[in-house]
Amino acid sequence: MSLSGCKRIGSGIVVLCWLGFSALGPAAAQVLEPLESGDQQAPPDAVASPAKAGAWTVQSIQIPEAPSHIRSAGPPANLDQVTIETTSGALYSLADCGDGLCAERIGNPRPSDPLPMGALPGSVVATGRHTIARAWLAEPAQRLLGSTLGGPVAGALVVEDVTARTFRLDLPTSQAFEDRRPRIVDLGPDNPDTILLVRSAEDTGAALVAIGLSGEGLLQTVAETPPLGTPRAWLNPIGTGDFTGSGSTDVAIVTTPDAGGTLQILSLQDRQFQQRFTIRNISNHAPGSDTIDMAVVADFDADGLADIAAPDADRQHIRILSFANGRVAEPASIALPAPVVTEIAAVSAGAGKRPYLLMGLADGQLVLLH
């Protein structure tokens, strides 16, 4: 059933008018999958009722050609902090076009900063806030008998500290960082600048690794998950946040996102990743794509805690998942007219309001979920 109407964004400067697709109402709460025997981190029989939330609407935004990538400064980002790249390489921003929101071509795009010498092509340089100034992937090579992301993988990580000294961590030739960007995150007072990366091995597949810069100026592995166990088995991080209200920062990843996909929420305790939740039928990657940010962490129910918006395994529904008080719920499952193929950006709707979600679909549409 289609819906139409108008709605203000944020301060009311932009008014949206849409003819969209109706979204599914709140879905039933998701039962936690059992953890490995002996793991004491899962709350006992924790199932929560769905949180009360308004229905979501899928609005198609006019754009001359299909989007291929969405870049944002969020989450959540303001409208002027979002850039849409199309299949021809043209760049667009979101604008008020009189009768609603549309994509407007950027005439003189600002040149992107060049990658450091020897960096992995197509990768992103990360910036830190404490001891680490920058980090990037280096030593591009053809390893792992082919990468899930296509193209070369990285044989090394390079870190620059706040004094401009550089440090390097090289992997053996049977391993590689099968990733596109380091994630510099704060995992607590003992790990204020920790780098999260996907490290893959030819024989055992991918693992999540946490790497820190020690006081001696050495890059060391702080913690790592067990490898997935089979060649070319891959995982893709979503992000970090306080999902339960415990005051600590957890890590969200999706294992085998191209083959069913399982969301895992991990906590770092005593230099070990502990598994807290597992939820099946989640993906954040399209097979063969170099897009790794196909999910987002933001507060979607205004409770002050981090939630997750991620596609299901077919990438035709966006699942909103919350973990408040250690109980998992799914306030919404939003049907899409075609599978999502780009990054998903959270766009600010104003103070105290749930963010909008912006993404590109396989049928060439640019859509806003609100």
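Author: Buried means under 20% relative accessible area, exposed means over 50%, and partly exposed lies in between. The model here is predicted.

Reader: Why is Arg-71 called partly exposed?

Author: Its relative accessible area is 41%. That value falls between 20% and 50%, so Arg-71 is partly exposed.

Reader: What makes Arg-71 and Glu-343 a salt bridge?

Author: The closest N and O atoms of Arg-71 and Glu-343 are 3.3 Å apart. The cut-off is 4 Å, so the pair counts. Arg-71 lies in strand 4 (residues 67–72), while Glu-343 sits in the loop between strand 24 (329–335) and strand 25 (345–347). The pair therefore ties together parts that are 272 residues apart in sequence.

Reader: Is Glu-343 buried or exposed?

Author: Glu-343 has 7% relative accessibility. That is under 20%, so Glu-343 is buried.

Reader: How do you know that Glu-160 and Arg-134 form a salt bridge?

Author: Their closest N and O atoms are 3.4 Å apart, and the limit is 4 Å. Glu-160 belongs to strand 10 (residues 153–161) and Arg-134 to strand 9 (residues 132–141), so the pair ties together parts 26 residues apart in sequence. Glu-160, at 18% relative accessibility, counts as buried. Arg-134, at 30%, counts as partly exposed.

Reader: What joins Arg-199 and Glu-224?

Author: A salt bridge, with 2.7 Å from N to O. Arg-199 is in strand 14 (residues 194–201) and Glu-224 is in strand 16 (residues 219–224), 25 residues apart. Arg-199 has 16% relative accessibility and counts as buried. Glu-224 has a relative accessible area of 38% and is partly exposed. Elsewhere, salt bridges with shared partners join Arg-71, Glu-85 and Glu-343 into one network.

Reader: How many salt bridges does this rule count?

Author: The count comes to eleven.

Reader: How do you know that Asp-307 has no salt bridge?

Author: The nearest side chain of opposite charge is Arg-354, 10.0 Å away. A salt bridge needs 4 Å or less, so Asp-307 has none.

Reader: What does the side chain of Asp-307 reach?

Author: The side chain of Asp-307 reaches the backbone nitrogen of Phe-300 at 2.8 Å. The residues that Asp-307 touches include Phe-243, Val-296, Leu-321 and Ser-322.

Reader: Which residues have the most contacts inside the largest nonpolar core?

Author: They are Ile-318, Ile-320, Leu-357, Met-359 and Leu-369, in a core of 22 residues. The elements giving two or more residues to this core are strand 21 (296–298), strand 23 (317–322), strand 24, strand 26 (356–360) and strand 27 (366–369). Leu-369 touches, among others, Trp-56, Ile-318, Leu-357 and Met-359.

Reader: What makes the phi of Ala-164 worth a look?

Author: Most residues other than glycine have a negative phi. The phi of Ala-164 is positive, near 75 degrees. Ala-164 lies in the loop between strand 10 and strand 11 (166–170). Its relative accessibility is 53%. That is over 50%, so Ala-164 is exposed.

Reader: Where is Thr-256, and what is its phi?

Author: Thr-256 sits in the loop between strand 18 (250–255) and strand 19 (262–269). Its phi is near 40 degrees, also a positive value in a residue other than glycine. At 29% relative accessibility, Thr-256 counts as partly exposed.

Methods:
Residues numbered from 1 in each chain as written. Predicted model: local features only at pLDDT ≥ 70, side-chain atom pairs only at ≥ 80, totals over all residues. Heavy atoms only, no water. Buried < 20%, exposed > 50% of the residue type's maximum accessible area, 1.4 Å probe, protein only. Lys, Arg positive; Asp, Glu negative; His and termini not counted. Polar contact = N/O pair within 3.5 Å; in protein donor to acceptor, adjacent residues only side chain to side chain. Contact = heavy atoms within 4.5 Å. Helix = DSSP H or I, 4+ residues; strand = E, 2+ residues; numbered from the N terminus. Core = buried A, V, L, I, M, F, W, Y, C linked by side-chain atoms within 4.5 Å. Lists of a residue's contacts leave out its neighbours within four places in sequence.
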